[in-house]
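Here are my notes on this model, for reading beside the coordinates. Please keep the structure open while going through the points.

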Amino acid sequence: MTERTEVVIVGAGGGGAVLGLALARKGVSTVVLEQAAGPPGGLRGEILQPNGQQVLDRLGLLGQLPPDATKSVRLFHFCRVGGNRLCTVDYDLLPPPYNRAIVTLPNVAHHTILQALESRAPGALRYGVQFRGLLREGRRVVGVEAECGNKSLTISAKLVVGADGAFSKVREALGIPARLHLYGEAYLIAILESPDELEDARYFVGRRTIFGLFPAAGRKVYLFYMIPAGSMPAVKTAGLDALRTNWLRIDPSLEKTSQSLVDWDQTAYMPAARVRTARWVTEGAALIGDAAHAMNPHASQGRMQAMADAMTLADLISSCRERGDWSAEALASYERSRRPQVEMLQRLADEQVLFWNTGNPLLACLRDRVFRTLDRNQRLRYRVLATTAGLRTVAPFGLIDRLMAAGFLRDPHADRLSAETSDER
Ligand SMILES: Cc1cc2nc3c(=O)[nH]c(=O)nc-3n(C[C@H](O)[C@H](O)[C@H](O)COP(=O)(O)OP(=O)(O)OC[C@H]3O[C@@H](n4cnc5c(N)ncnc54)[C@H](O)[C@@H]3O)c2cc1C
């Protein structure tokens with residue numbers, strides 16, 4: 001039997017769950033198919049940037065995040081391995097009320113979104129269902145085939161949305177060419193206990209090293225440690241002592257915190273991939289989030305961009321519905337409005353990673369000069385902050401700014417914020 005709905009979303013991750021909820025709030029009949037048996041439970045580091053906070057606010061959820069599971073962080077200190085501070089970025093420069101980063105305990109924001117979806121549209125979210133293929137009429141996509149246990153499921157829809165992550169099967173079935181790049185660097189994430197209540201985040205850069213430390217609620221702290229892709233078995237073989245010793249070399253003040261690492265269960269391995277696709281929309285179908293544009297986690301924007309895609313597409317779906325037009329042409333404005341920011345962030349994150357952990361002494365010297373200039377230059381620092389916060393769609397620096405950041409040109413407006421903030425305030 002064929003089930004009918006207006007929109008079918010494959011994947012209830014960062015993008016799919018938000019899209020499902022946004023559509024439920026608009027009264028659009030939607031089915032969200034998720035292959036996992038239930039909401040995710042694993043360890044992940046999560047920072048809600050200001051643009052993600054705006055999305056949650058629009059969905060009425062920002063104020064519902066449990067206070068004992070969230071921590072607002074204003075100051076991010078960038079340091080050399082060993083501890084020398086290079087630059088401090090203060091989120092308080094951003095327009096209130098989103099003038100902070102929010103660090104959440106694992107999956108807290110995602111669970112809040114999933115719960116809201118289930119209460120708004122009971123039965124719309126189906127766990128344990130795997131996408132198998134597309135239904136087509138000529139060139140037009142008109143639904144999906146899926147599998148739940150041993151049962152097949154056929155769902156016809158006006159629009160199919162692939163929100164199924166970097167290795168998207170929907171993208172493959174749509175025949176959309178994609179360049180998938182697996183980074184040589186991956187990340188070990190850990191959640192530890194801190195003896196003191198930390199307020200500020202610290203980020204360490206150095207030869208082949210990137211190490212982030214983010215305060216979370218309840219005196220917890222997330223560690224974000226770059227390791228070679230595929231090297232987790234070797235890291236485990238070397239043992240917890242070796243890992244703690246490495247961390248202390250990077251941040252000597254971690255002595256007590258690192259003692260709370262006693263089990264590999266406190267850690268998780270996260271590979272990183274980048275996806276570039278020729279197009280995000282076809283006749284009757286669209287891709288959102290990592291399926292369309294996975295990016296290096298250093299942008300701290302992957303999930304935020306998936307959420308932003310979802311909100312933009314949800315608004316467009318309302319007008320497609322009114323006009324009864326689900327063509328690629330009608331959907332194209334979603335891609336046009338989202339692509340510039342996403343591509344800019346993909347480039348920026350790659351550039352940051354290249355410089356931050358460079359082994360080349362000249363590049364390392366240039367990187368440190370840029371950080372030190374940013375520490376003194378409020379205008380350029382604001383640009384970088386607003387970009388990471390997801391509030392800018394264009395790159396933070398043009399050529400002249402780059403020369404100023406590297407210290408080759410003087411910036412006569414280094415103390416001026418007024419022109420910079422007009423876009424975001
Ligand atoms: C180390 C690391 C740190 C990160 N830190 C941050 C951060 O601080 N801030 C941030 O914004 N982003 C961060 N990200 C990125 C973020 O996790 C992703 O960009 C985001 O989750 C993308 O959302 P999505 O919905 O596109 O995909 P996902 O969240 O990957 O969701 C895809 C969903 O589709 C489901 N699915 C897949 N295939 C099928 C199928 N065939 N049938 C049914 N369901 C299917 C999956 O089970 C999954 O639930 C980080 C990523 C990494 C690797």
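The points below run from the overall fold to single residues.

1. Basis. This is a predicted model; local features need pLDDT of at least 70, side-chain atom pairs count only at pLDDT 80 or more, and totals for chains, interfaces and linings use all residues. Residues are numbered from 1 along each chain as its sequence is written.

2. Overall fold. The protein has 14 helices and 22 strands. Both are DSSP runs, numbered from the N terminus: helices are H or I with at least four residues, strands are E with at least two. The radius of gyration is 22 Å, close to the 22 Å that the globule rule gives for 425 residues, so the protein is as compact as a globular protein of that length. That radius is taken over C-alpha atoms, and the globule rule is 2.2 Å times the number of residues to the power 0.38. Along its principal axes the C-alpha trace spans about 65 × 50 × 40 Å.

3. Burial and contacts. Of the 425 residues, 46% count as buried. A residue is buried if 20 or more other C-beta atoms lie within 10 Å of its own, exposed if 12 or fewer, and partly exposed in between; C-beta atoms are placed from the backbone. Among contacts between residues at least 6 apart in sequence, 74% join residues at least 24 apart. Two residues are in contact if their C-beta atoms, placed from the backbone, lie within 7 Å.

4. Core. The largest nonpolar core has 130 residues. Such a core is a set of buried Ala, Val, Leu, Ile, Met, Phe, Trp, Tyr and Cys residues joined through C-beta atoms within 7 Å. Helix 9 gives the most to this core, with 10 residues. Residues with the most contacts inside the core are Leu19, Leu117, Val160, Val161, Ala286 and Ile288. Leaving aside neighbours within four places in sequence, Ala286 touches Leu159, Val161, Trp280, Val281, Leu313, Leu331 and Tyr334.

5. Helix 9 and its approach. The 22 residues of helix 9 (residues 302-323) should span 32 Å at 1.5 Å a residue, and the end C-alpha atoms are 32 Å apart, which agrees. The expected span is 1.5 Å times one less than the number of residues. Gly324 follows helix 9, with a positive phi near 65°. Ser300 lies in the loop between helix 8 and helix 9. Its phi is near 55°, a positive value in a residue other than glycine. Ser300 is buried, with 26 other C-beta atoms within 10 Å.

6. Seven of the nine residues of helix 2 (residues 50-58) are buried, so helix 2 is largely enclosed by the rest of the structure. Its buried residues pack against helix 1, strand 4, strand 8, helix 3 (108-120) and helix 9. Just after helix 2, Gly60 takes a positive phi of about 75°. In helix 12 (residues 378-388), 10 of the 11 residues are buried, so this helix too is largely enclosed. The buried residues of helix 12 include Arg379, Arg381 and Arg383.

7. Leu374. This residue sits in helix 11 (residues 361-376). Leu374 counts as buried, with 22 C-beta neighbours inside 10 Å. Setting aside neighbours within four places in sequence, Leu374 contacts Cys87, Leu380, Arg381, Val384 and Ala405.

8. Backbone points to inspect. The peptide bond from Pro96 to Pro97 is cis, with omega near 5°. Pro97 is in the loop between strand 7 (85-90) and strand 8 (101-104). Arg208 is not a glycine, yet has a positive phi of about 50°. Arg208 counts as exposed, with 12 C-beta neighbours inside 10 Å.
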